[in-house]
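Please open the model in your viewer and keep the selection tool at hand. We will go from stop to stop, with something to pick at each one.

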Amino acid sequence: MENLDWKNIGFGYRKTNFNIRCWYKNGEWGPLEVSDSEYLNLHMAATCLHYGQEAFEGLKAFMGKDGKVRVFRMEDNARRMQSSSEGILMAEVPTELFCEAVGLAVKKNMEFVPPHGSGASLYIRPLLIGTGPEIGVKPSGEYLFMVFVMPVGPYFPEGFKPTELVILRKYDRAAPQGTGKYKVGGNYAASLVAGKKAKAGHYSAVLYLDSREKKYIDECGPANFFAIKDDTYITPLSDSVLPSITNMSLMQLAEDMGLKVERRKVPVEELESFQEVGACGTAAVISPIKRIYDEDLDKEYLYGFDPGPWSTKLYQKLQGIQYGDEPDTHGWTTVIE
Ligand SMILES: *Cc1c(COP(=O)(O)O)cnc(C)c1O
């Protein structure tokens, strides 16, 4: 794949050679199948199409200087997909099966893993859908688990640059006891209108507040929220936030670096006192925030035009581990051979 412009390929669907599929029928998972088709043959009454029985994951593989390909924390993605399955009553993909499928998907598309130093990586998308035909509202008896991959460019092709968020109280992403903590497509459908509004105003995402009281910070669209204040890493504790594996990793690295880590309710007014603010997730690792605009109160919070020192350190450390440039002291990476 020498001909790809790795730095500028962006984040979009791109065809690769193979994808991995596994069917759940009669109460058990079948063998992994390797497919070269981009299409599925689905029953028109499949529960994923009508009642949202769909969960996905997102993780990445990175080419090291040593020529080894490392996948980041895939067992954690397996566990999170199991939690999503529990949340919307789908068959669970065992961790071993999940990891085997991810490994095989990477192996079958090795030539698409971007070279070390390009800042690009191989994005891995596991998907679980209910495929059995039902018209009454009930869980499917049959499921398809798939893994496909695609090379994606660096999130910041022009360098690590802060963006802006907007608070729009009129919209909720997830209900307090709803599906916010599961990685399911329904949450994304529910966020499209607010997301479009944010993009139209040139904001990178909506900063959602808790749906019940609109008093506490929840998360930033498809990424978790964190802030730094007085040598403390602060991130919201909420039942409707998706447990980000990047955020979990940053909390650990912050602790390693001597920061205090607080996972607690974060009142909106506290935005005033933060020294650094960021959104975190697999796509960008950290997307530093320079400004948050509260549209309802016509109020703005400013954090400086350059990424803060702690955000920069955390970002470099985590990327270093992912690319194999830094020692993986927590055992987060798996080399695919
Ligand atoms: C996937 C996702 C994240 C980020 O999780 P990572 O495991 O860090 O990629 C954050 N919020 C939402 C809503 C998500 O779907």
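Start by selecting lysine 138, which is partly exposed with a relative accessible area of 47%; here buried means under 20% relative accessible area, exposed over 50%, and partly exposed in between, using a 1.4 Å probe and protein chains only. A salt bridge is counted when a side-chain nitrogen of Lys or Arg lies within 4 Å of a carboxyl oxygen of Asp or Glu. Glutamate 134 counts as buried, at 18% relative accessibility.

Two notes before you move on. This is a predicted model, so local features need pLDDT of at least 70 and side-chain atom pairs count only at pLDDT 80 or more, while totals for chains, interfaces and linings use all residues. Residues are numbered from 1 along each chain as its sequence is written, and side-chain values use heavy atoms, leaving out hydrogens and water.

**More charged pairs**

Side chains of opposite charge can pair when their charged atoms come close. By the salt-bridge rule, the count comes to 19.

Next, select aspartate 296 and arginine 169, whose side chains form a salt bridge at 2.9 Å, N to O. This pair links distant parts of the chain, 127 residues apart: aspartate 296 is in the loop between strand 16 (285–294) and strand 17 (299–302), and arginine 169 is in the loop between strand 9 (163–167) and helix 4 (185–189). Helices (H or I, at least four residues) and strands (E, at least two) are DSSP runs, numbered from the N terminus. Aspartate 296 is partly exposed at 42%, and arginine 169 is partly exposed at 22%.

Now pick arginine 173 and glutamate 219, a salt bridge with its closest N and O atoms 2.8 Å apart. Arginine 173 sits in the loop between strand 9 and helix 4, and glutamate 219 in strand 11 (residues 217–220), 46 residues away. Are these two buried or exposed? Arginine 173 is buried at 11% relative accessibility, and glutamate 219 is buried at 2%.

For a network of salt bridges, select Lys229, Lys260, Glu262, Arg264 and Glu270 together.

**Asparagine 224**

Asparagine 224 lies in strand 12 (residues 224–229) and is buried, with a relative accessible area of 4%. Its side chain makes a polar contact with the side chain of asparagine 247 at 3.1 Å; the term means a pair of N or O atoms within 3.5 Å, where within protein one must be able to donate a hydrogen and the other to accept it, and residues adjacent in sequence count only if both atoms are side-chain atoms. A polar atom of the asparagine 224 side chain also lies 3.4 Å from the backbone nitrogen of serine 244.

**Where the domains meet**

Finally, colour domain 1 (6–152) and domain 2 (163–322) separately; these bounds come from an automatic or database domain assignment. Their centres, taken over C-alpha atoms, are 26 Å apart. The contact takes 19 residues from domain 1 and 17 residues from domain 2, with contact meaning heavy atoms within 4.5 Å.

How many salt bridges are there between domain 1 and domain 2? The count is zero, although seven residue pairs are in polar contact across the interface. On the side of domain 1 that touches domain 2, helix 2 gives the largest share, six residues.
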